[in-house]
Amino acid sequence: MPPDPNKLHADHHHAGAASRLGWLALIPLSVFALALGQLGREADALAFVVPWIPSLGIDLAFRLDGLSLLFVLLISGIGTMVLIYAGGYMAGMAQRERLFALLLLFMVAMLGCTTSDNLLLLFGFWELTSLTSFLLVGFKHEYESARKSAQQALMVTAGGGLVLLAGFILLGQAAGTYTISELVTNAEAWRDDPLVKPALICLFVGAFTKSAQLPFHFWLPNAMAAPTPVSAYLHSATMVKLGVYLLARLDPAFDGVAMWHDVLVTIGAITAAWSMLLTLRERDLKRILAWSTVSALGTLVMLIGLPDGDAAAAVAAFLLTHALYKAPLFFVAGNIDHCTGTRNIDHLAGLARAMPWTAAAAALAAVSMAGMPFSLGFVAKELIKISKSEAGVFAWVSYSGVFVNVIAVAVASVAAIRVFWHRGGAPVPEEIREAGWAMRLPPVLIAALGLVFGLWTGLLDPLLGAAAQAIHPALTTMPASLGLEDTEALQAIALAVLLGIVVFVLWDRIHHLLERLMQPLDRLGAQAWYGRLLLAIPALAGILTRALQSGRLSRYTLLCLGFVIAPVALALALPGAFALPAMQAPSLALVGASALLIVASIAACLVRDAFVMLLVSGFVGLGSALAFLFLQAPDLAFTQFAVEVAFVVVIASILLRLRHLGLSAHDDSPALPRAVVAFATAGVLTALLLAATAGPLDSTVPDTLAALSVPEAHGRNVVNVILVDFRAVDTLGEIAVVALAFAGTLPLFALLRRRKEKAA
Amino acid sequence: MKLLTVFSLLLRFLLEVAKSGLATAWLILRPGVRPTPGLVRMRYAGLSDTGVALLGCMITLTPGTTVIDIDNQRRELLIHLLDDSDPAAVVANVRRSFETPLRRLFPAGDQA
Amino acid sequence: MSPRSLILDTLARLLYPMMLLAAVVILLRGHNEPGGGFIGGMVAVSATALLAVARGTDGALRALPLPPLPLAAGGVLLGLLSGVPALLLGHGYMTHLWATLPLGFTEFAVSTVLLFDIGVFFAVWGALGGLCAEAIGLDEEAGA
Amino acid sequence: MTMLGFVLAGAGVLLLVIAALGLFLLPDALSRQHAATKSGTLALGLLLIGAALVAGDPGWWIRVALILVFLLLTLPVASHLLARAAARHAYTREQLREARDPEIDR
Amino acid sequence: MNALLATVVVTGTLLALALAMARLLRGPSQADRVVALDVVFSASVAMAAAAALATGRVLFLDVAVGLAVVGFVAAIVWARLIDKSPEDPR
Amino acid sequence: MSWVFALALFAAIAAGVFLALSRNLLRCVIGVSIVGSAINLYLFAAGRLGATAPPLVPAGTERLLEGAANPLPQALVLTAIVIGFALTCFSLVLALAIKQRTGSADTDTLRHAEPPEGADGKPTPLNDRED
Amino acid sequence: MDAFLLIAPVIVPLGTALLTALLAARPRAAQALSLLGAIALLGCALALTVRVIRDGTLRGSFGGWDAPFGIEFAADPLGASMVLITALMGVACLLFQRSDADPAPERPTLHPLIHALLAGVGGAFATADIFNLYVWFEVMLLASLGLLALGLGRRHLDATLKYFVLNALGTLLFLAGIAGLYGLTGHLNFAALEIAGAGVEPARLLPAAALVALAFLVKAGGFPLFAWLPASYHTLPAPVLALFAGLLTKVGVYAVLRLVGDVFDLDAVAYALLGWIAVATMVAGVLGAAFHWDIRRILAFHIVSQIGYMLLGIALHSPVATVGTVFYILHHIIVKANLFLIAAMVWRLTGSYDLRHIGGLWKTRPWLGVLFLIPALSLVGIPPLSGFWAKFIVVREALAQGQAWWAAAALLVGFLTLYSMMKIWFEAFWKKHPQAAWTPPTGTRLGPAWAATLGLAALTLAIGLYPEPLYRFAERAALMMAGAP
Ligand code: NA
Ligand code: NA
């Protein structure tokens, strides 16, 4: 049983000094600064196109509109914090350079993805994020569990990516372009194309796998095998939002397509609620946070599915909000893990005194997550509520929204209260101390930012407004700072907080209840099906491979010939394919040669003695030689006779050695299948020949050659002239073959001689 | 002189071939009675290796007789007869028709 | 019985050059009559096989103008090179060049075609002759 | 001349058939070998000379001569070796070593 | 005349071939089979001659020459095989 | 074309394939060789039978005789015969080497490159250090 | 000069083969000559390709006998590029042979056989005559058999036998098909066959053309005719294996493409059948790979699987699909050869090819891991590597033609390919080595191996990052086959 990879850090408890690699954070920081400078500029001013593969309609096209800018800021901003954090977290750990390299590569992929204006360019970056994510999740690759998680993450996201590719291709075909901005602008022109529906299905699969929507939700919590900076960055703040990004990006194109709205709202809402339920089953702090991330993604997907501009604003706001509270919470979980060696909430309590900074960050983030007033979370939730009511969606979506809010409050409480302030259980060991500054600063900073924005919502208007406008071009004003005075909203928050506290208090009991109730259902879950698929691949492979690649030559040959002959037989059976040539009475000699061939053939099959079989097999050649003799082919007869002699020389020599080795030419395996295939092959080939020779032959080529033979090639034996002159290149190959056959047998002869010496 | 010997040897040889060829054919077709085959030895002397080899060839070419072995130590030919009824006559015939002229053409000392 | 056959030894010595002669004749006649490099080569192969039976594999291989693999390779190389002069003269590969050698009483046509056919001859002789001789050599001591 | 050729060739063919028949009528491999090789050669000789006479083409003669020369040179080798091989299996070592010598035995 | 003789030769040769083939298949000893093989080669030479007769083209006789030159090697090698075989295959 | 020749082709191909499908090493190899011989005849026949003269220009003329055989397939078949023979030689030596090296002539038990699976149903690791 | 360039794909390697055979007694000289010959071939192939790109298809017949009477070689963009890639593979593999990562035993016949193989492949790519193609197939076959048997172990002999029987039968079926085509049309030259074939009733032509195509499928390793490939390839030493893996089956694919994509236009049913064969090939190959644990066997089955994609491109039977096929062939030769070579380096470092017996490489040799990922992910079809574009073009065309099932199969097989590559990655790179005391051996001579594999990887990357020129090139090849001047 390998040790739990999650406990790996306990060994690195000493980490006080941050790794110098943390300074790499300057890279994303500069990107962030640059991006910040673009706020408020026109989207089209920030586009550039370099022709790349014009033949395929794929350009290096980038475009920075509001939505992209929001993502770029998130990616670079959170990325800066993550790299600083990782500098502390990874200090002294093996292979940390690789982690930083991969994080930076991932960042590039993310930036590319969110700024691409070409579907296939986007797809390239999309797959790169899957790949870097794979390598990051499997960072602790010597543990099998980490490998499994990495495999799962990659299989789901890259598998989805392949479907997405099909979707992009179909979309490109329907729209006639891969350029996203063009495609969105011209949506009316192609929206009713019959290809759109299959394209949509593929798009959904791609986006849902990446953003962990049902039924592909299971991989994300398992990806928590990754080091915490990775989880914070990829699996909460950025990568998992790619699916959301893509849907948001294409949302304006599909406005009014019923399927688009129905699927997104349904799947999003169900995912949001169901994953919150699953949160209650977890004991691992990171997994708890992961499920709540899935839920948030569900909410975002649902919001995109809603048709109007309010929803677009809500999407933008919630995107930012979630990143600003979830990233700190992951950092918090990382700090706890790093300092205590565990993330299991059963073993964690009262850490506030030992880790005050972390506790503060947790509290700030939790406030936002719970949607308390004066936090950014409150604003976001408010917008969500408004958009839902505007859209007039099904009642159950609203109920599920309430449920999600309740559990969100409970989760926030667990992360901020239970772990830090709750007394009871095991006492906090003395040696536990707060992590270094590099691990303290990022969570506190980000969480504080959430509070700042919550208090001064207007600060965000340029950013979120532009983003919302990108999602819903018809939107003109940003309603961000609206709903604060809405008392109805306050009531809803109060209800959610109240119920959330109840859930928080009853957390353990609900947990046990759910475990009991849901365990039997696990067999039916997507995770179980994934496991079955993983087992099915080698199982199916085994069945098929054992059948096709049995290691038995006779079966290979049987299958091969059977498969070649069957289609030819079918082709011959088609009307007009077969015809008989005019049959002539053969000369006596030809009858004799044919008879010799037939007798030798039958005899070769029937005799059991190796000696006789070899002798008789030579008679097939001899029969051919006689036939050539009477079919006006003296050179062929000559050659065939000469070859027959050499054949006899070789087989006689081989046979002598074989007799010493005790060889028989006996085969008692069932003859029927062999006979069937043999007769079929011979029948089909013969019929093919008869059909091919039924008509007259176009003899231009041989006639010309014969006419040229004497005057131009100075030879009267046309066959020889063809061999050495007209088609000398054939003959060159032929003698190469002969020489090769000898070169090929030389080592075999050496082997045979060596063995003999050994035996002697 | 030698040329004459060669010529007469050749003629005699061809005659023997024709004669014994017919004899063999008769032997095959003769109804009822099966010939009894057998082995005989025949010593030789005064012949070079080439001469013996040629002698063997001639004996072999003559239907009804085949040289099975030439033993250089014992200076003996081992001959298989298709019809073993009168071996002495066969040996005598060989000596007369082939051995004598060959000894003249390929005397024993020649091979060095 | 004596281990080797005197008749075989003697006649092989006689037959080997005769068969090679026949092979060369067949090779040279090939352009106008049945025959050619391959058939000539096969006759030479038979000669080598005969010699291998009579004198053993090594004896037969020693009687070849070159060891078998170089002989075969040289033959193919000759065939390959016979097409090169044409390339140098700006024609297509294997465009054969003809010339007549006056021999006083008659004239003899020489050509790269003949060169090619000779290449075929040696390739076949070297490769298949070597192969047959090696095969015959397989059981040289096997019975012992 | 043609008639003579026809007769010779006919005899050759007949002899060839007889040689083949010998394969069945003679008792063992050693004896059959006599029929096959020697009678076969003779048959071929007759047949070829006869055919050359019938064909009346001067080109025949040189080829027939070549064939006959080669047959006469190669046949004893083949026949002798065949017989030798067959004898090794048909007779014991002693029988081969102690075969009688009619000139001594007499 | 040529054609008639060719027919005679072919008929006789085919008969001989058939007999040889039968012996070859029946054996019983290897030597028997190789003897039959020898007849087959003789028959092949006869066949080439017949072809030359039938077409009136002497070039078919070249094939017969070739056969005469190489054919015996097969018999020699087979004979050697029997000679060296460990036991009679009967 | 004549029926008896077609039948001979059929028989030779069928016999060759039948032998090639055998589990016996020698039969298998010889079968391939027989198929080769049969296909040579087959290719020959594709150039049409029934010629009355060989494809040689009579001395002193520049044209083939009326009814001369098609020389092209003859040249092709000649090439194919040679190639087929080279392959046959190689395969016979190979068969001998296999028989000597492995002691088996049953191709179905010849599983050295593809050994049968182990008890766990997974492929047996190959022995790379056999020699 | 043109006349030389046309025949160079044959005479340069064949000449090298012969000279190295003559130098058998001096192995060092033979080695040097061998590499030199490969480089010379590369030079000629480059010159040929440049010439073809600049001036269009180069045709030439030998002996001064014009087609359709003599044998013609035609270097169109497709043929020229195939020759070029062949030469490149030759250089890479011979370079790799100088390392100690599973090199082929330096027997006197090794270099002659390798170059003869190249000559056979070059001839097959260059010729425009169907019987001549048969001859080059046989040259390839004999050279491969010689190389397979070179190891002389039981497994080598077993592999050689299976390879021989199935390939020889395949070639004979091809020959029978040639007979059929000749009997119908009286021609052997491709261009003449194209014209004559159009004059024959389609129903009459189909059986013979189908026979030839199916025989090519045996060579290509199409379903279910591929058994010889996974049965034999893994017994080869690495450089030779890479050569086989890169080139041999592709010759079969190329031949299928020439036949049914260029020379003959068959009935739609035939292309549909080919499409389903392609799908079955993809699936059977990838599942075979999933079953195995020996890296070489996994990769060998992936050859089969990838052949399926190329066949799919042919089955789609349109200029764009042909572009995909050409692109795929070129990409796959580079990538698959490279994977086998990298596998040999893994073998050198860990001591085995069996995934169950190795591990620990990501920790100890990360750059090898990075190197492996490039061709591995390219094989899967991850953008922007070469394999992605190849797959993309084929899948897009399948979807454009409404062949959703074929496209779905292509994508699914991509997924399963990922599974396999991940398996190798997990076991060889991420997992700890099963022997606790294992450390990579010191004193290895892997320099030439690195040079060869890095070169090929760079090529993959270059094609992937800027596929436009290759696409254009493939497009020209396809248009030319479709009948453009
Ligand atoms: Na919307
Ligand atoms: Na075309």
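Trainee: What am I looking at here, and how are things numbered?
Mentor: This is a predicted model, where local features need pLDDT of at least 70 and side-chain atom pairs count only at pLDDT 80 or more, while totals for chains, interfaces and linings use all residues. Residues are numbered from 1 along each chain as its sequence is written, chains are lettered from A and ligands numbered from 1 in the order in which they are written, and side-chain values use heavy atoms, with hydrogens and water left out.

Trainee: Which residues coordinate the sodium ion (ligand 2)?
Mentor: Glu194(G) gives OE, Asp262(G) gives both O and OD, and Met481(G) gives O, at 2.4 to 3.0 Å. Donors here are N, O and S atoms within 2.8 Å of the metal (3.2 Å for Na, K and Ca), and water is not among the atoms, so sites may look incomplete.

Trainee: What spacing do those donors follow along the chain?
Mentor: E-x67-D-x218-M. Glu194(G) sits in helix 7 (residues 190-199) of chain G and Asp262(G) in helix 10 (residues 238-263) of chain G, 68 residues apart, so that pair links distant parts of the chain. Helices (H or I, at least four residues) and strands (E, at least two) are DSSP runs, numbered from the N terminus.

Trainee: Is Asp262(G) buried or exposed?
Mentor: Asp262(G) counts as buried because its relative accessibility is 16%. Glu194(G) is partly exposed, at 33%. Buried means under 20% relative accessible area, exposed over 50%, partly exposed in between (1.4 Å probe, protein chains only).

Trainee: New topic: how do strand 1 and strand 2 of chain G pair?
Mentor: Strand 1 (residues 58-61) runs antiparallel to strand 2, over four bridges; strands pair if DSSP finds at least two bridges between them. Leu58(G) stands opposite Ala75(G). Strand 2 (residues 72-75) is covered on both faces, with Glu72(G) and Ala74(G) buried on one side and Phe73(G) and Ala75(G) on the other.

Trainee: Which residues of chain D are annotated "transmembrane region"?
Mentor: The unreviewed UniProt entry lists 6-26, 35-54 and 60-83. UniProt positions are given in the numbering used here, feature names are shortened, and annotations may be inferred rather than shown by experiment. In the model, residues 35-54 are 100% helix, with end C-alpha atoms 27 Å apart. Residues 60-83 are also 100% helix, with ends 33 Å apart.
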